[in-house]
Amino acid sequence: MDEGFSIDAIVTDFSKAFDLVPHDWLLKKLAASGVDSRVVVWVREFLVGRTRKVRVGGQLSKVVKVNSDVPQWNVLGPLLFLMYVNDIQRSIDTNIRLFADDCIIYRKIKNKKDIEKLQKDLDTLGEWAVENGMKINPGKTNAVRFMIARVKNTLRYSLGDQKFPESSICKYLGIILRSDLNWVDQVNCTVQKAWKALYFAMRVLKQGNRNTKI
């Protein structure tokens, strides 16, 4: 931005990402990565044979076998998910950053060719998602152009027939980012959370003595 260029970023949303990971595909990727075969067997025993049932009111559903998902309630689940999506950068020339199921792809825009390259890499990302059973939610995916200039051209990035909505603000890893990199929204959000915590503490300690409040 200091050099006068813009950065086009697509903050993608994978729908139910952890639930869609097929066990057999994950184990194949795990084995191909060079992990010790005994570890692959151990992970298979951890994943295969899982079942689920749902309670609605007082009624329980039938037990259903689960063939896809990585559990999020433990340390191993997110690690296995990262192993599954680790090849997402295959054939992609644009910068891409991953943190669990949060994915952002971005590129410095100097001319029209850079826009075309970013769109091509988005198409490649979409192909990867289809090949690997993942679903990108266009409705929750935002396109943001970071730049200093006030006048901005309309962004026209898309995935298939779905155009990504353009936004001047996005949230990534809990941080609110504005297209001009002004931090006022992030600051206001943080201050609001702090006030809520303070009011909660004040209500709880209202009847407490001085030593308790301290």
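This is a predicted model: local features need pLDDT of at least 70, side-chain atom pairs count only at pLDDT 80 or more; totals for chains, interfaces and linings use all residues.

Me: Where in the chain is confidence lowest, and where is it highest?
Reply: The lowest mean is 82, in helix α6 (residues 210-213), and the highest is 93, in helix α5 (residues 184-204). Those are pLDDT values, the predictor's confidence in each residue from 0 to 100. Helices here are DSSP runs of H or I, at least four residues, numbered from the N terminus.

Me: What is the average pLDDT of the chain?
Reply: 88, and 99% of the residues score at least 70.

Me: OK, α1. Which residues are buried there?
Reply: In α1 (residues 23-32), they are H23, L26, L27, K29 and L30. Buried means under 20% relative accessible area and exposed over 50%, with partly exposed in between (1.4 Å probe, protein chains only).

Me: Why are those on the same side of α1?
Reply: Because they cover an arc of only 160 degrees around the axis, taken from the directions from the helix axis to the C-beta atoms. K28 and A32, on the other side of α1, are exposed.

Me: What covers the buried residues of α1?
Reply: The cover includes α2 (37-47), α3 (76-85) and α4; contact means heavy atoms within 4.5 Å.

Me: Switching to D114: buried or exposed?
Reply: D114 is buried, at a relative accessible area of 10%. D114 is found in α4 (residues 112-131), and a polar atom of its side chain lies 2.8 Å from the backbone nitrogen of K110.

Definitions and conventions. Residues are numbered from 1 along each chain as its sequence is written. Side-chain values use heavy atoms; hydrogens and water are left out. Helices (H or I, at least four residues) and strands (E, at least two) are DSSP runs, numbered from the N terminus. A polar contact is a pair of N or O atoms within 3.5 Å; within protein, one must be able to donate a hydrogen and the other to accept it, and residues adjacent in sequence count only if both atoms are side-chain atoms.
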